[in-house]
Amino acid sequence: MLELHQFRHSAFCEKVRLVLRAKRLSFSVVEVTPGLGQLDLFRLSGQRQVPVLVDGERVISDSTTIALHLEETVPEPPLLPADPAQRAEVLLLEDWADTTLAQRARLALLQTMGRDPVLREALLPEVTPEPLRRAVGAIPAGWASDLGDVVAARERQLLMESLEQLAALTARRAHLVGATLSLADLAVAAQLSLLRFPASAGASLAGRGVPGLHDHPQLQPLFEWRDAIEASLTPDPDQAPM
Ligand SMILES: N[C@@H](CCC(=O)N[C@@H](CS)C(=O)NCC(=O)O)C(=O)O
């Protein structure tokens, strides 16, 4: 049995869940408590970040290493093309999604959380004790507004440009590289889930997101592409009824 140690709302954990679902694998999830739970994670994996996948005797950290492990152990359906040039394109896009796109999406979400106590509370792990949950909700709006307004505005502009480019790509093709689903689609889809939370994020978050992006008319087809990718996969066992 595969066991995924995760923060439910981490985009990198979402990426691994999408890979597991694309491979039609059943798995269980262990929700890690930030802080204390990461000590256990360190004992398990030798490092403190999620995602970590336990596959029998093997304990694997890092979403890309996990995806490559699954590609090797469960080759069907393939998420990396056989053609070397296409394979390189997939891996380059995956790396871009995990770094540049991830950083910009996280910054945009952090800014939104700074202004929106409801979103801030909803994003806390379900294992968060109630007093801490209330304390986080009570932090005054605007705490993150001094992130550096000029840097933040420039990053936001770059994010919007990337999203427009992705929208242009996905308007013309169902998949980013080649004719079938690949790791590139899943890595990009996972990061987009920080900007508009999908149904699998749970009732308190689904449909919410970063204002100005999740509701931007030009980006609707991109978010619909994202949702269609997820809808094409087997159901998420983490999507417990709320
Ligand atoms: N490159 C890693 C990034 C993983 C990562 O950034 N995980 C974050 C959650 S999104 C984390 O565990 N943060 C907690 C920490 O660094 O203490 C991957 O692809 O898995």
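1. Helix 1 and helix 3 are roughly parallel to each other, a label given to angles under 35 degrees; in this predicted model, helix 1 and helix 3 (residues 63-73) pack at about 10°, their axes 9 Å apart. Axes are lines fitted to C-alpha atoms, for helices over the stretch in contact, with angles from 0 to 180 degrees between N-to-C directions, and helices are DSSP runs (H or I, at least four residues) numbered from the N terminus.

2. Phe12, Lys15, Val16, Val19 and Leu20 of helix 1 meet Ser63, Thr64, Ile66, Ala67 and Leu70 of helix 3, contact meaning heavy atoms within 4.5 Å.

3. With helix 8 (residues 183-192), helix 1 (residues 11-22) has an axis approach within 8 Å and a crossing at roughly 140°.

4. The residues around the ligand are Ser10, Phe12, Gln38, Arg48, Gln49, Val50, Pro51, Asp62 and Ser63, each with a heavy atom within 4 Å of it. Polar side-chain atoms of Arg48 and Gln49 lie 3.2 Å and 2.9 Å, respectively, from an oxygen atom of the ligand, while an N or O atom in the side chain of Ser63 is 2.6 Å from a ligand oxygen; a polar contact is a pair of N or O atoms within 3.5 Å.

5. Residues are numbered from 1 along each chain as its sequence is written, and side-chain values use heavy atoms, without hydrogens and water. Local features need pLDDT of at least 70 and side-chain atom pairs count only at pLDDT 80 or more, whereas totals for chains, interfaces and linings use all residues.

Conventions:
Helices (H or I, at least four residues) and strands (E, at least two) are DSSP runs, numbered from the N terminus. A polar contact is a pair of N or O atoms within 3.5 Å; within protein, one must be able to donate a hydrogen and the other to accept it, and residues adjacent in sequence count only if both atoms are side-chain atoms. Angles under 35 degrees count as roughly parallel, over 145 as roughly antiparallel, 65 to 115 as roughly perpendicular and the rest as oblique.
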